[in-house]
Amino acid sequence: MSETIITWKKCKKCGKLQHPDHLRCLQCKNTEFDTIQSSGECILLTYTILKAPPAEFRDKKAYALGIVEFSNGIRALGQITTTENLKVGMKLKPIFGKLTDNLDGQPVSGILYQPI
Ligand SMILES: [Zn+2]
């Protein structure tokens, strides 16, 4: 599993950061953006442990979902690689790896956060 990069849009007019799915700036409705990328470590802002996972996560008794923030302001929600010893403010790094198997038994990959 290797380190991976998350891209976000930065509004050229007001500087608001937002997820690439939005076509217009949520703050000022501008449609021109710069692309910015996450890099390096991120900090755990908050997390929760799901003890009754949805069907796709049937192979796990529990898993952790967290919100992380990179030094340039990008925030992301994602699965954390462990449910043990998690602490708000701890450092994590994004990795690309297998999240789970879907209900057809096919592996689903995405970004996970691994404590450093
Ligand atoms: Zn804007």
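What share of the contacts in the protein chain between residues at least 6 apart in sequence join residues at least 24 apart? The share is 47%, where two residues are in contact if their C-beta atoms, placed from the backbone, lie within 7 Å. The structure is a predicted model, in which local features need pLDDT of at least 70, side-chain atom pairs count only at pLDDT 80 or more, and totals for chains, interfaces and linings use all residues. Residues are numbered from 1 along each chain as its sequence is written.

**The chain as a whole**

- The protein chain has zero helices and eight strands; helices (H or I, at least four residues) and strands (E, at least two) are DSSP runs, numbered from the N terminus.
- Along the principal axes, the C-alpha atoms of the protein chain fill a box of roughly 45 × 35 × 25 Å.
- The average pLDDT of the protein chain is 90, and 97% of the residues score at least 70; pLDDT is the predictor's confidence in each residue, from 0 to 100.
- Among the elements, β4 has the highest mean pLDDT (96), while strand β7 (residues 91-101) has the lowest (90).

- Two bridges link strand β1 (residues 7-11) to β2 in the antiparallel sense, and K9 has Q18 in β2 as its bridge partner.

- β4 and β5 are antiparallel partners over eight bridges, with T46 bridging to I67 in β5.
- β4 also runs antiparallel to β7, joined by two bridges, and I43 stands opposite K91 in β7.
- Strand β5 (residues 63-70) pairs with strand β6 (residues 75-80) in the antiparallel sense over six bridges, and E69 stands opposite R75 in β6.
- The hairpin of β5 and β6 has four residues between the strands, and G73 takes a positive phi near 100 degrees there.
- For a parallel pairing, look at β6 and strand β8 (residues 107-115), which share two bridges; I80 has Y113 in β8 as its bridge partner.

**Buried residues and the core**

- Of the 116 residues of the protein chain, 15% count as buried; a residue is buried if 20 or more other C-beta atoms lie within 10 Å of its own, exposed if 12 or fewer, and partly exposed in between, with C-beta atoms placed from the backbone.
- The largest nonpolar core has seven residues: C42, L44, V68, I80, L92, L112 and Y113. Such a core is a set of buried Ala, Val, Leu, Ile, Met, Phe, Trp, Tyr and Cys residues joined through C-beta atoms within 7 Å.
- β4 (42-50) and β8 are the elements that give two or more residues to this core.
- Beyond its neighbours within four places in sequence, L112 is in contact with G78, Q79, T81, I95, G97 and L99.

**A closer look at I6**

- You will find I6 in the segment before β1.
- I6 counts as partly exposed because it has 19 C-beta neighbours inside 10 Å.
- Not counting residues up to four places away in sequence, I6 touches S38, I74, A76, P94 and I111.
- I6 and T83 lie 77 residues apart in sequence, and their C-alpha atoms are 23 Å apart in space.

Definitions and conventions. Pairing = 2+ DSSP bridges.
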